[in-house]
Amino acid sequence: MGLLDGKHILVTGVLTDASLAFAVARRAQQEGAEVALSGAGRGLSLTRRTARRLPAEADVLEIDVTEPDQLARAAAALGEKWERLDGMIHAIGYAPPECLGGDMFQADWEQVQVALHVSTYSLKALVQAFRPLLASAGVGGGTGASVVGLDFDASVAWPAYDWMGVSKAALESLSRYLARDLGHERIRVNLVAAGPVKTMAAKSIPGFHTFEDTWSDRAPLGWDVLDTDVVARACVALLSDLLPMTTGEILHVDGGVHAVGA
Ligand SMILES: NC(=O)c1ccc[n+]([C@@H]2O[C@H](COP(=O)([O-])OP(=O)(O)OC[C@H]3O[C@@H](n4cnc5c(N)ncnc54)[C@H](O)[C@@H]3O)[C@@H](O)[C@H]2O)c1
(Lines give C-alpha, C1' and ligand atoms only; values in the text may rest on other atoms or scores of the structure.)
Protein backbone atom coordinates (compact mmCIF):
# COMPACT_ATOMS: atom_id res chain seq x y z
CA MET A 1 0.00 0.00 0.00
CA GLY A 2 1.31 3.45 -0.93
CA LEU A 3 1.05 6.65 1.12
CA LEU A 4 -0.79 8.39 -1.74
CA ASP A 5 -2.94 5.54 -3.04
CA GLY A 6 -5.89 6.88 -5.04
CA LYS A 7 -4.84 10.52 -4.73
CA HIS A 8 -4.84 12.97 -7.65
CA ILE A 9 -1.86 15.31 -7.52
CA LEU A 10 -0.92 18.28 -9.73
CA VAL A 11 2.82 18.92 -9.79
CA THR A 12 3.94 22.26 -11.24
CA GLY A 13 7.56 23.21 -11.91
CA VAL A 14 8.93 20.10 -13.63
CA LEU A 15 11.48 21.22 -16.21
CA THR A 16 14.25 18.61 -16.24
CA ASP A 17 14.82 15.43 -14.30
CA ALA A 18 17.00 17.51 -11.96
CA SER A 19 13.95 19.63 -10.97
CA LEU A 20 12.81 19.23 -7.38
CA ALA A 21 9.30 18.81 -8.76
CA PHE A 22 10.40 15.84 -10.91
CA ALA A 23 11.54 14.02 -7.78
CA VAL A 24 8.21 14.80 -6.12
CA ALA A 25 6.23 13.52 -9.13
CA ARG A 26 8.30 10.31 -9.22
CA ARG A 27 7.89 9.67 -5.47
CA ALA A 28 4.20 10.49 -5.63
CA GLN A 29 3.68 7.92 -8.39
CA GLN A 30 5.73 5.35 -6.48
CA GLU A 31 3.40 5.97 -3.51
CA GLY A 32 0.30 5.30 -5.61
CA ALA A 33 -0.78 8.77 -6.77
CA GLU A 34 -2.08 9.67 -10.19
CA VAL A 35 -0.02 12.70 -11.24
CA ALA A 36 -0.48 15.52 -13.75
CA LEU A 37 2.27 18.03 -14.48
CA SER A 38 2.29 21.59 -15.69
CA GLY A 39 4.87 23.44 -17.73
CA ALA A 40 5.26 26.94 -19.08
CA GLY A 41 6.45 28.99 -22.01
CA ARG A 42 9.60 27.90 -23.80
CA GLY A 43 10.10 25.16 -21.17
CA LEU A 44 6.81 23.43 -22.01
CA SER A 45 8.27 21.06 -24.62
CA LEU A 46 11.07 20.16 -22.20
CA THR A 47 8.47 19.43 -19.50
CA ARG A 48 6.65 17.14 -21.99
CA ARG A 49 9.89 15.27 -22.70
CA THR A 50 10.70 15.01 -18.99
CA ALA A 51 7.18 13.68 -18.28
CA ARG A 52 8.09 10.57 -20.30
CA ARG A 53 10.90 9.80 -17.86
CA LEU A 54 8.55 9.29 -14.92
CA PRO A 55 7.64 5.71 -13.89
CA ALA A 56 4.24 6.36 -15.60
CA GLU A 57 4.00 9.09 -18.24
CA ALA A 58 1.97 12.02 -16.90
CA ASP A 59 -0.32 14.46 -18.73
CA VAL A 60 1.13 17.96 -19.03
CA LEU A 61 -1.00 21.10 -18.73
CA GLU A 62 0.20 24.47 -19.97
CA ILE A 63 0.32 26.95 -17.08
CA ASP A 64 2.32 30.12 -17.19
CA VAL A 65 1.34 31.42 -13.76
CA THR A 66 1.31 35.01 -15.00
CA GLU A 67 -1.39 34.18 -17.58
CA PRO A 68 -4.89 34.05 -16.00
CA ASP A 69 -6.37 32.50 -19.19
CA GLN A 70 -3.96 29.58 -19.04
CA LEU A 71 -4.77 29.02 -15.36
CA ALA A 72 -8.49 28.97 -16.12
CA ARG A 73 -8.08 26.63 -19.11
CA ALA A 74 -5.89 24.24 -17.12
CA ALA A 75 -8.34 24.14 -14.23
CA ALA A 76 -11.21 23.38 -16.64
CA ALA A 77 -9.18 20.64 -18.34
CA LEU A 78 -8.21 19.01 -15.05
CA GLY A 79 -11.83 19.25 -13.88
CA GLU A 80 -12.85 17.11 -16.85
CA LYS A 81 -10.24 14.49 -15.97
CA TRP A 82 -10.62 14.39 -12.17
CA GLU A 83 -13.62 15.26 -9.98
CA ARG A 84 -11.28 16.36 -7.17
CA LEU A 85 -7.69 17.41 -6.62
CA ASP A 86 -6.10 15.95 -3.47
CA GLY A 87 -2.81 17.76 -3.69
CA MET A 88 -0.83 20.38 -5.52
CA ILE A 89 2.90 21.15 -5.58
CA HIS A 90 4.00 24.73 -6.21
CA ALA A 91 7.62 24.48 -7.40
CA ILE A 92 7.90 27.71 -9.33
CA GLY A 93 10.45 30.43 -9.03
CA TYR A 94 12.00 33.02 -11.31
CA ALA A 95 13.76 36.34 -10.86
CA PRO A 96 15.32 38.47 -13.65
CA PRO A 97 19.14 38.57 -13.54
CA GLU A 98 19.17 42.09 -12.03
CA CYS A 99 17.39 40.65 -8.97
CA LEU A 100 20.25 38.28 -8.13
CA GLY A 101 23.97 38.45 -7.53
CA GLY A 102 24.66 40.42 -4.38
CA ASP A 103 23.50 44.02 -4.90
CA MET A 104 19.90 44.87 -3.95
CA PHE A 105 20.19 48.22 -5.76
CA GLN A 106 20.71 46.70 -9.23
CA ALA A 107 17.02 45.87 -9.70
CA ASP A 108 14.18 48.31 -10.29
CA TRP A 109 10.49 47.68 -9.65
CA GLU A 110 10.14 46.54 -13.26
CA GLN A 111 12.30 43.48 -12.49
CA VAL A 112 11.26 43.03 -8.85
CA GLN A 113 7.59 42.80 -9.77
CA VAL A 114 8.38 39.91 -12.11
CA ALA A 115 10.14 38.02 -9.31
CA LEU A 116 7.24 38.58 -6.93
CA HIS A 117 4.62 37.74 -9.53
CA VAL A 118 6.17 34.45 -10.64
CA SER A 119 7.66 33.30 -7.34
CA THR A 120 5.13 34.51 -4.75
CA TYR A 121 1.77 35.72 -6.09
CA SER A 122 1.63 32.58 -8.25
CA LEU A 123 0.85 30.48 -5.17
CA LYS A 124 -2.35 32.47 -4.66
CA ALA A 125 -3.12 32.42 -8.40
CA LEU A 126 -2.72 28.64 -8.64
CA VAL A 127 -4.74 27.92 -5.51
CA GLN A 128 -7.48 30.28 -6.70
CA ALA A 129 -7.73 28.58 -10.10
CA PHE A 130 -7.91 25.07 -8.63
CA ARG A 131 -9.80 25.96 -5.44
CA PRO A 132 -13.12 24.28 -6.35
CA LEU A 133 -11.30 21.03 -7.24
CA LEU A 134 -9.18 21.22 -4.08
CA ALA A 135 -12.25 21.89 -1.95
CA SER A 136 -13.95 18.82 -3.46
CA ALA A 137 -11.30 16.68 -1.78
CA GLY A 138 -12.63 17.73 1.63
CA VAL A 139 -16.31 17.07 0.91
CA GLY A 140 -17.78 14.11 2.80
CA GLY A 141 -14.99 13.64 5.34
CA GLY A 142 -11.42 12.57 4.77
CA THR A 143 -8.35 14.71 5.28
CA GLY A 144 -9.04 17.17 2.46
CA ALA A 145 -6.45 18.61 0.10
CA SER A 146 -2.82 19.52 0.61
CA VAL A 147 -0.95 22.35 -1.12
CA VAL A 148 2.83 22.25 -0.76
CA GLY A 149 5.18 25.01 -1.91
CA LEU A 150 8.97 25.00 -2.15
CA ASP A 151 10.84 27.55 -0.10
CA PHE A 152 14.40 28.59 0.66
CA ASP A 153 14.67 29.68 4.31
CA ALA A 154 13.93 33.41 4.24
CA SER A 155 14.63 34.23 7.88
CA VAL A 156 18.12 35.58 7.08
CA ALA A 157 19.86 37.40 4.19
CA TRP A 158 21.91 35.04 2.00
CA PRO A 159 24.75 35.83 -0.41
CA ALA A 160 23.51 36.51 -3.98
CA TYR A 161 19.85 35.47 -3.37
CA ASP A 162 18.69 39.10 -3.10
CA TRP A 163 15.14 39.71 -4.41
CA MET A 164 14.50 35.97 -4.67
CA GLY A 165 15.03 35.93 -0.90
CA VAL A 166 12.48 38.72 -0.52
CA SER A 167 10.09 36.74 -2.75
CA LYS A 168 10.54 33.68 -0.53
CA ALA A 169 9.95 35.73 2.63
CA ALA A 170 6.68 36.91 1.08
CA LEU A 171 5.86 33.32 0.05
CA GLU A 172 6.30 32.22 3.67
CA SER A 173 3.89 34.90 4.82
CA LEU A 174 1.44 34.19 1.99
CA SER A 175 1.33 30.48 2.83
CA ARG A 176 0.19 31.34 6.36
CA TYR A 177 -2.55 33.67 5.10
CA LEU A 178 -3.75 31.06 2.59
CA ALA A 179 -3.73 28.45 5.39
CA ARG A 180 -5.93 30.82 7.40
CA ASP A 181 -8.41 31.35 4.57
CA LEU A 182 -8.62 27.78 3.30
CA GLY A 183 -8.74 25.73 6.51
CA HIS A 184 -12.53 25.71 6.58
CA GLU A 185 -12.49 24.05 3.14
CA ARG A 186 -10.10 21.42 4.53
CA ILE A 187 -7.29 22.68 2.32
CA ARG A 188 -3.88 22.68 4.05
CA VAL A 189 -1.06 24.95 2.85
CA ASN A 190 2.52 24.21 3.88
CA LEU A 191 6.04 24.89 2.63
CA VAL A 192 9.13 22.73 2.45
CA ALA A 193 12.28 24.84 2.98
CA ALA A 194 14.90 22.89 1.08
CA GLY A 195 18.67 23.18 1.24
CA PRO A 196 20.51 24.02 -2.01
CA VAL A 197 20.07 21.56 -4.88
CA LYS A 198 21.69 21.83 -8.33
CA THR A 199 18.74 22.54 -10.62
CA MET A 200 18.28 24.85 -13.62
CA ALA A 201 16.89 27.57 -11.32
CA ALA A 202 19.81 27.21 -8.92
CA LYS A 203 22.39 27.37 -11.71
CA SER A 204 20.96 30.72 -12.81
CA ILE A 205 21.88 32.25 -9.43
CA PRO A 206 25.37 33.75 -9.64
CA GLY A 207 27.24 32.76 -6.49
CA PHE A 208 25.10 29.67 -5.88
CA HIS A 209 28.35 27.77 -5.31
CA THR A 210 28.83 29.68 -2.04
CA PHE A 211 25.83 27.74 -0.66
CA GLU A 212 27.00 24.49 -2.13
CA ASP A 213 30.51 24.80 -0.78
CA THR A 214 29.50 25.41 2.82
CA TRP A 215 26.15 23.66 3.30
CA SER A 216 27.37 20.12 3.81
CA ASP A 217 29.96 21.29 6.37
CA ARG A 218 27.39 23.27 8.34
CA ALA A 219 24.61 20.69 8.25
CA PRO A 220 24.47 18.39 11.30
CA LEU A 221 23.19 15.65 8.97
CA GLY A 222 25.42 16.59 6.03
CA TRP A 223 23.97 17.58 2.65
CA ASP A 224 24.16 16.35 -0.95
CA VAL A 225 23.37 19.07 -3.54
CA LEU A 226 22.44 16.40 -6.11
CA ASP A 227 19.87 14.59 -3.94
CA THR A 228 16.37 15.80 -4.83
CA ASP A 229 14.67 12.76 -3.32
CA VAL A 230 15.13 13.90 0.31
CA VAL A 231 13.04 16.97 -0.54
CA ALA A 232 10.50 14.88 -2.46
CA ARG A 233 9.94 12.57 0.52
CA ALA A 234 9.01 15.52 2.75
CA CYS A 235 6.60 16.81 0.10
CA VAL A 236 5.00 13.37 -0.15
CA ALA A 237 4.61 13.24 3.64
CA LEU A 238 2.76 16.57 3.54
CA LEU A 239 0.61 15.38 0.60
CA SER A 240 -0.31 12.20 2.47
CA ASP A 241 -2.88 11.66 5.23
CA LEU A 242 -0.16 11.52 7.89
CA LEU A 243 -0.25 15.24 8.81
CA PRO A 244 -3.96 16.13 8.68
CA MET A 245 -3.77 18.86 11.34
CA THR A 246 -0.69 20.63 9.96
CA THR A 247 -1.15 23.84 8.00
CA GLY A 248 0.68 27.16 7.73
CA GLU A 249 3.87 25.25 8.56
CA ILE A 250 7.41 25.42 7.14
CA LEU A 251 9.16 22.08 7.19
CA HIS A 252 12.93 22.44 6.85
CA VAL A 253 14.66 19.80 4.75
CA ASP A 254 18.17 21.20 4.89
CA GLY A 255 20.24 18.74 6.88
CA GLY A 256 19.58 20.88 9.97
CA VAL A 257 21.37 24.06 8.84
CA HIS A 258 18.48 26.31 9.96
CA ALA A 259 18.93 25.10 13.53
CA VAL A 260 22.61 25.84 14.04
CA GLY A 261 24.58 29.07 14.42
CA ALA A 262 28.01 28.92 12.82
N1 LIG B 1 17.30 24.35 -6.19
C2 LIG B 1 17.38 24.83 -4.96
O3 LIG B 1 18.47 24.92 -4.37
C4 LIG B 1 16.13 25.23 -4.23
C5 LIG B 1 16.15 25.32 -2.84
C6 LIG B 1 14.99 25.69 -2.17
C7 LIG B 1 13.83 25.98 -2.89
N8 LIG B 1 13.85 25.89 -4.26
C9 LIG B 1 12.61 26.20 -4.97
O10 LIG B 1 12.14 25.04 -5.61
C11 LIG B 1 11.27 25.43 -6.67
C12 LIG B 1 11.64 24.63 -7.92
O13 LIG B 1 12.88 25.04 -8.41
P14 LIG B 1 14.03 24.06 -8.86
O15 LIG B 1 15.24 24.41 -8.06
O16 LIG B 1 13.55 22.65 -8.90
O17 LIG B 1 14.39 24.58 -10.34
P18 LIG B 1 13.75 24.29 -11.79
O19 LIG B 1 14.43 25.27 -12.68
O20 LIG B 1 13.84 22.88 -12.13
O21 LIG B 1 12.23 24.70 -11.58
C22 LIG B 1 11.76 26.02 -11.64
C23 LIG B 1 10.42 25.94 -12.35
O24 LIG B 1 9.78 27.22 -12.36
C25 LIG B 1 9.02 27.24 -13.56
N26 LIG B 1 8.59 28.59 -13.93
C27 LIG B 1 9.36 29.69 -14.08
N28 LIG B 1 8.59 30.71 -14.50
C29 LIG B 1 7.32 30.24 -14.60
C30 LIG B 1 6.07 30.81 -14.98
N31 LIG B 1 5.95 32.10 -15.34
N32 LIG B 1 4.96 30.02 -14.95
C33 LIG B 1 5.04 28.73 -14.58
N34 LIG B 1 6.20 28.12 -14.22
C35 LIG B 1 7.32 28.89 -14.23
C36 LIG B 1 9.96 26.64 -14.59
O37 LIG B 1 9.25 26.21 -15.74
C38 LIG B 1 10.56 25.49 -13.80
O39 LIG B 1 9.81 24.31 -14.00
C40 LIG B 1 11.42 26.95 -6.81
O41 LIG B 1 10.36 27.58 -6.11
C42 LIG B 1 12.73 27.21 -6.10
O43 LIG B 1 12.83 28.53 -5.61
C44 LIG B 1 14.97 25.50 -4.94
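User: Is Asp162 buried or exposed?

Analyst: The model is a predicted one. Asp162 is found in helix H5, and its phi is near 40°, a positive value in a residue other than glycine. A residue with 20 or more other C-beta atoms within 10 Å is buried. Because Asp162 has 26 C-beta neighbours inside 10 Å, it counts as buried.

User: How does Ala160 count, with its C-beta neighbours inside 10 Å?

Analyst: Ala160 is found in the loop between S5 and H5. Its phi is positive, about 70°, although Ala160 is not a glycine. The count of C-beta neighbours inside 10 Å is 17, so Ala160 counts as partly exposed.

User: How many other C-beta atoms lie within 10 Å of Ala169?

Analyst: Ala169 lies in helix H5, which covers residues 162-182. Ala169 is partly exposed because the number of other C-beta atoms within 10 Å is 18.

User: How is H4 oriented relative to H5?

Analyst: Two packed helices are described by the angle between their axes and the distance between the axes. Helix H4 (residues 109-136) and H5 pack at an angle of about 20°, with their axes 9 Å apart. Angles under 35 degrees count as roughly parallel. Therefore H4 is, relative to H5, roughly parallel.

User: Which residues of H5 meet H4?

Analyst: The crossing of H4 and H5 is right-handed. On the H4 side, the residues are Val112, Ala115, Leu116, Ser119, Thr120, Leu123, Lys124 and Val127. By class, this contact of H4 with H5 has eleven nonpolar, four polar and one charged residues. The residues of H5 that meet H4 are Trp163, Met164, Ser167, Ala170, Leu171, Leu174, Ser175 and Leu178.

User: How many nonpolar residues does the contact of H3 with H4 have?

Analyst: Helix H3 (residues 68-81) and H4 pack at an angle of about 25°, with their axes 9 Å apart, which means that H3 is roughly parallel to H4. H3 brings Leu71, Ala72, Ala74, Ala75, Leu78 and Gly79 to the contact, and H4 brings Ala125, Leu126, Ala129, Phe130 and Leu133. There are no charged residues and one polar residue in the contact of H3 with H4, and the nonpolar residues number ten.

User: How many charged residues are in the contact of H1 with H8?

Analyst: H1 passes H8 in a right-handed crossing. The contact is made by Leu20, Ala23, Val24, Arg26, Arg27 and Ala28 of H1, and by Asp229, Val231, Ala232, Arg233, Cys235, Val236 and Leu239 of H8. Nine of these residues are nonpolar and none is polar, while the charged residues number four.

User: Why is helix H8 largely enclosed by the rest of the structure?

Analyst: The buried residues of H8 include Val231, Ala234 and Leu238. Among the elements that cover the buried residues of H8 are strand S1 (8-11), H1, strand S4 (87-90) and S5. Helix H8 (residues 229-239) is largely enclosed because, of its eleven residues, those that are buried number eight.

User: Which element gives the most to the shell around the ligand?

Analyst: Of the 28 residues around the ligand, Ser19, Gly93, Leu150, Thr199 and Ala201 come nearest. The elements that give two or more residues to this shell are helix H1 (20-30), strand S5 (145-151) and helix H6 (200-203). By class, the shell has 19 nonpolar, seven polar and two charged residues. With three residues, the element that gives the most is H6.

User: Is Thr199 buried or exposed?

Analyst: Thr199 lies in the loop between S6 and H6. Leaving aside its neighbours within four places in sequence, Thr199 is in contact with Ala18, Ser19 and Leu20. Because Thr199 has 23 C-beta neighbours inside 10 Å, it counts as buried.

Notes: Residues are numbered from 1 along each chain as its sequence is written. This is a predicted model: local features need pLDDT of at least 70, side-chain atom pairs count only at pLDDT 80 or more; totals for chains, interfaces and linings use all residues. Helices (H or I, at least four residues) and strands (E, at least two) are DSSP runs, numbered from the N terminus. A residue is buried if 20 or more other C-beta atoms lie within 10 Å of its own, exposed if 12 or fewer, and partly exposed in between; C-beta atoms are placed from the backbone. A residue is near a molecule or strand if its C-beta atom, placed from the backbone, lies within 6 Å of it. Ala, Val, Leu, Ile, Met, Phe, Trp, Tyr, Cys and Pro count as nonpolar, Asp, Glu, Lys and Arg as charged, and the others, Gly among them, as polar. Two residues are in contact if their C-beta atoms, placed from the backbone, lie within 7 Å. A crossing is left-handed if the near helix is turned anticlockwise from the far one by less than a right angle, and right-handed if clockwise. Axes are lines fitted to C-alpha atoms, for helices over the stretch in contact, and angles run from 0 to 180 degrees between N-to-C directions. Angles under 35 degrees count as roughly parallel, over 145 as roughly antiparallel, 65 to 115 as roughly perpendicular and the rest as oblique.
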